[in-house]
Amino acid sequence: MLIYVVLFFIFLLGPIFIVVSISFTETEFVAFPPQGFSWKWYQRFFEYEPFIDSFIVSVELAIATALLAVALGVPAALAVTRGRVPYANTIMTFLLSPLSMPLIVVGFALLFYLSALGLGVSFVSLLIAHTVISLPYVVRTVAGVYRGISPDYEESAAVLGANRMQIFWYVTLPMIKPGIFAGMLFAMLISIDNLPISFFFGSADTNTLPVVMLSYLEHQFDPSVAAASSIQLIVAIIGLFIVERIYGLDAMAPAS
Amino acid sequence: MTDQVRRGTSRGFSGVVSPWWIAVTALFLVVFFVIPIINNLLNTDQLVTLAKQRPASFYYEKLFTDPYYLGIVADTVTLSVGVTVICIIIGYPVALFLVRHAGRWSGLVIFLLIAPLLTSIIMRTFGWRVLFARRGLLNDFLLWIDAIEKPILFLNGPTSAVIGLVHVLVPFMVLSIASVLRSIDLQLEESARILGASRFKTFLKVTFPLSLDGIGTGFIIVFLLANGSFVTLLLLGGGELKTLPLLIYQQFTISRDFQFAAAMSNVLLAIAVGCLYLQLRLIKRKGVKG
């Protein structure tokens with residue numbers, strides 16, 4: 001069984017390892033095993049304007065998405081978990097429902113809808129679309145953490161005369177911080193890797209990194225895409241590491 | 001639950017944020033998620049197109065009567081089901097290992113499962129293209145062990161697309177099954193063993209049936225994801241295997257027949273909603289968990 005599990009992880013991680021090692025090749029073409037060692041494909045990444053421009057768009061978009069998703073998701077998660085809300089379960093299902101829709105359908109529908117509203121292909125449209133699909137992650141992580149915290153703390157504060165704002169700020173917020181943080185990171189990671197929605201909103205100013213990488217790959221096949229992927233991976237690993245430190249990894253299981 | 005709420009009320013505490021906050025978030029989702037999709041469902045007719053505008057029914061008729069498009073709809077479902085079943089077969093033993101045998105290594109196993117989820121789908125596809133290339137690692141290996149005489153064209157076929165999809169989706173399956181396996185009371189298995197059942201029989205008669213819920217959840221997650229994915233097919237399938245999402249992408253980028261793309265996205269949506277309905281049935285059967 002152990003052998004099987006090891007083989008499984010070779011299958012799972014092998015392609016990623018290959019891409020990372022290719023990004024350091026000295027050759028002008030994709031070669032595995034890589035020959036020599038050089039940073040030149042990383043240099044190419046930072047010199048090739050479409051890559052670096054779209055990388056900046058992606059990072060800005062990821063941060064904006066995370067902030068908006070938290071602003072919308074946290075209050076809703078708190079209210080639905082522990083407010084006097086009728087049909088709380090149904091509402092929760094509704095808040096999580098974007099998770100189950102094919103992303104390409106959401107992107108397609110939103111493109112025409114937002115164009116009709118006059119937003120068209122713009123950063124704002126991208127932000128709205130990405131927020132729709134990352135909101136469920138924030139709601140789920142925050143609700144998960146909040147559910148595990150006894151209501152006694154808040155009730156004690158209420159009995160002692162704290163008002164809602166004070167309870168939220170001094171009691172609830174410090175306790176749900178790990179959930180908010182994890183939710184934000186999820187939202188960022190979902191946004192930064194999204195392709196099925198982003199490609200609908202592609203233009204010179206709004207192309208995200210995955211969109212540029214895809215169109216690059218459709219025409220040429222060189223190690224610069226490997227370098228771009230590796231940079232994205234490093235960003236993700238740093239995020240994962242932070243979440244693990246603060247929150248524990250079990251909470252990240254999608255079906256938990 | 002109701003008791004708790006009532007007690008809370010009697011003390012004058014009704015949650016830390018006003019329930020109205022839900023209205024704000026729900027409104028956002030209604031305006032930017034529900035209405036656009038309904039709009040897409042109803043207004044396939046009105047999408048801005050060229051002069052040759054046709055009624056929506058024309059496209060649905062084309063999708064469901066033209067054998068070519070009917071084949072694509074069937075292929076989409078078959079591919080998703082096939083990938084999901086392969087994920088169950090490959091993933092189940094890993095989930096079992098994670099829950100029962102990994103012990104203090106379980107943190108590492110979970111990390112290794114999640115790490116690929118955070119790499120971009122393009123990265124993983126790129127890796128497979130290198131492996132499958134005509135002069136790639138796999139061909140070199142097969143040539144070296146004399147299994148083949150000439151390099152085989154792995155790329156750009158259904159096989160490489162299926163492998164790529166399984167690779168992307170199998171962690172979701174493992175995590176879904178593992179979270180249910182973890183909740184199974186170990187005493188049930190011990191009892192079966194004490195009563196004389198063999199290890200294998202215990203697994204078959206006790207553990208496996210109890211883990212069916214996890215397989216169900218995993219099935220729905222993986223099916224939905226496989227159903228909507230096109231990047232893997234685009235970069236590994238080589239156009240031989242066509243599915244609805246891939247066709248939507250191509251209609252959008254190449255043919256620019258938006259009406260047809262809208263009709264196809266509605267069919268895709270219908271498949272997803274059907275799958276969600278199954279999920280709700282499954283949850284109802286389990287009883288709603290807080």
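## Stop 1: where the chains meet

Select both chains and look at the contact, which takes 75 residues from chain A and 76 residues from chain B. Two residues are in contact here if their C-beta atoms, placed from the backbone, lie within 7 Å. On the side of chain A that touches chain B, the largest share is 12 residues from helix α1 (residues 2-22) of chain A. Color that side by class and you get 60 nonpolar, eight polar and seven charged residues. Ala, Val, Leu, Ile, Met, Phe, Trp, Tyr, Cys and Pro count as nonpolar, Asp, Glu, Lys and Arg as charged, and the others, Gly among them, as polar.

Before moving on: this is a predicted model, where local features need pLDDT of at least 70 and side-chain atom pairs count only at pLDDT 80 or more, while totals for chains, interfaces and linings use all residues. Residues are numbered from 1 along each chain as its sequence is written, and chains are lettered from A and ligands numbered from 1 in the order in which they are written.

## Stop 2: two helices crossing

Which residues meet here? From α1(A), show Y4(A), V5(A) and F8(A); from α4(B), show I90(B), P93(B), V94(B) and F97(B). This contact has seven nonpolar residues, no polar and no charged.

## Stop 3: chain B on its own

Chain B has 14 helices and zero strands; helices (H or I, at least four residues) and strands (E, at least two) are DSSP runs, numbered from the N terminus.

Now pick helix α6 (residues 121-132) of chain B. Is α6(B) mostly covered or mostly open? Mostly covered: 12 of its 12 residues are buried, including R124(B), W128(B) and R129(B).

## Stop 4

Bring chain A back and find Y87(A), in the loop between α3 (49-82) and α4 (88-96) of chain A. Its phi is near 55°, a positive value in a residue other than glycine. Y87(A) is exposed because 10 other C-beta atoms lie within 10 Å.

Definitions and conventions
A residue is buried if 20 or more other C-beta atoms lie within 10 Å of its own, exposed if 12 or fewer, and partly exposed in between; C-beta atoms are placed from the backbone.
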